[in-house]
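Please read this briefing with the structure open beside it, and look up each part as it is named.

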Amino acid sequence: MNILVVSGSPRKSGNTMSMVNYVEKAMNKKYDNISVEYLHLIDKELKYCIGCCLCLRKGGNQCPLEDDKDEILRKMHEADGIIFASPGYSAMVSGLFKNFLDRFMYLDHIPEFVGKPVMVLSTSGGDGVMGAPKFMANNSFYWWGCNIVDIIGIRHAFYTNNRKTHMKYNKRLSSAADKLISATSNKINVSPNFRQYIYFMFNKTELEVSPDVMPYRTKVWEENGWMRSDYYYETKINPLFKCVGFVVFGMMKVVYRRLLGKDASKALAEYLKNN
Ligand SMILES: Cc1cc2nc3c(=O)[nH]c(=O)nc-3n(C[C@H](O)[C@H](O)[C@H](O)COP(=O)(O)O)c2cc1C
């Protein structure tokens, strides 16, 4: 089993990597044939996004920047499971990790990692510990459709100095390691949580209202049958989610048409073309 670590820490032997190393050891202790590959963003050339939105309009491979993006994408596709790790900087992800998310932003709307088992891990000194991991999950990996097995924020100063906290976090990391391996070995179609379902429905509703805005995105959604399904894959959806979705997205359609006129799709397409 091939686990990829995508790290946004500039310190390859720093606090965040020491936590990932703990997870790796926990996996190797219990399971055979686990290989863990580290992809340190600090070693890769990943230029800043220039905001052309060609990835959204024409597909991820249309990005005009020439750097290591394709290699990173390929490694993520090849991996059975991924650990996304970043230190907390100013209660957020590191700049390295933020740039990585910007460069793959199109995956929020044209997902390629639906159901991919993912662990999200961050360390901070103490305060704002969940800022970075929640940001990673809520603003990107849930949008990508990943199967997030755990979202962990570790107050590293307390981990180091307080035995009780140390033991508590170690237990959490071992359990997250188990969950990641279990998700990669049993490829079942996990039911989405509320956030995942809402993100799916948001994308779908936006495409229903404005199919002309990003024709490539519309094509991918049509080809995958997502426009006619309840989720990215066959699975059980909580009936309450469906009820809320029905109301919220019915309202969203009305609001779009009210704000942008009957031809919301054309209006938005024109807007994007000029931006
Ligand atoms: C630029 C910068 C900003 C930071 N911001 C915070 C912060 O807002 N809250 C916090 O508790 N720790 C903060 N820290 C501390 C780091 O999050 C903490 O030391 C982390 O474990 C470092 O991980 P690393 O060794 O993998 O780089 C910051 C550190 C740096 C270098």
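## Briefing

Helix α7 (163–185) has 23 residues and reaches 33 Å from its first C-alpha to its last, close to the 33 Å expected at 1.5 Å a residue, where the expected span is 1.5 Å times one less than the number of residues in the helix. Helices (H or I, at least four residues) and strands (E, at least two) are DSSP runs, numbered from the N terminus. This is a predicted model, in which local features need pLDDT of at least 70 and side-chain atom pairs count only at pLDDT 80 or more, while totals for chains, interfaces and linings use all residues. Residues are numbered from 1 along each chain as its sequence is written.

- In α7, the buried residues are Y169, L173, A176, A177, L180, I181, A183 and T184; a residue is buried if 20 or more other C-beta atoms lie within 10 Å of its own, exposed if 12 or fewer, and partly exposed in between, with C-beta atoms placed from the backbone.
- The elements that cover these buried residues of α7 include α1, β3, β4, β5 and α6 (156–161), and two residues are in contact if their C-beta atoms, placed from the backbone, lie within 7 Å.
- Helix α1 (residues 15–30) has 16 residues, and its reach of 23 Å from first C-alpha to last is close to the 22 Å expected at 1.5 Å a residue.
- Buried in α1 are T16, M17, M19, V20, V23 and M27.
- These residues lie on the same side of α1 because they cover an arc of only 155° around the axis, the arc being that of the directions from the helix axis to the C-beta atoms.
- An α-helix has 3.6 residues a turn, so residues three or four places apart point the same way.
- The cover over the buried residues of α1 includes β1 (2–7), β3 (81–87), β4 (117–124), β5 (147–155) and α7.

**Around the ligand**

- Of the 18 residues around the ligand, G14, N15, T16, P87 and G125 come nearest, and a residue counts as near if its C-beta atom, placed from the backbone, lies within 6 Å of the molecule.
- The elements that give two or more residues to this shell are α1 and β4, and α1 gives the most, with 3 residues.
- The shell divides into 4 nonpolar, 12 polar and 2 charged residues, where Ala, Val, Leu, Ile, Met, Phe, Trp, Tyr, Cys and Pro count as nonpolar, Asp, Glu, Lys and Arg as charged, and the others, Gly among them, as polar.

**Two domains**

- The domain assignment, which is automatic or from a database, gives domain 1 (2–185) and domain 2 (194–273).
- The centres of domain 1 and domain 2, taken over C-alpha atoms, are separated by 27 Å.
- The contact takes 13 residues from domain 1 and 11 residues from domain 2.
- Helix α2 (residues 54–58) supplies 3 residues, the largest share of the side of domain 1 that touches domain 2.

**Loop residues with positive phi**

- Most residues other than glycine have a negative phi.
- C53, in the loop between β2 (35–40) and α2, has a positive phi near 65°, and C53 is partly exposed, with 16 other C-beta atoms within 10 Å.
- A91, in the loop between β3 and α4 (95–103), has a positive phi near 60°, and A91 is partly exposed, with 13 other C-beta atoms within 10 Å.
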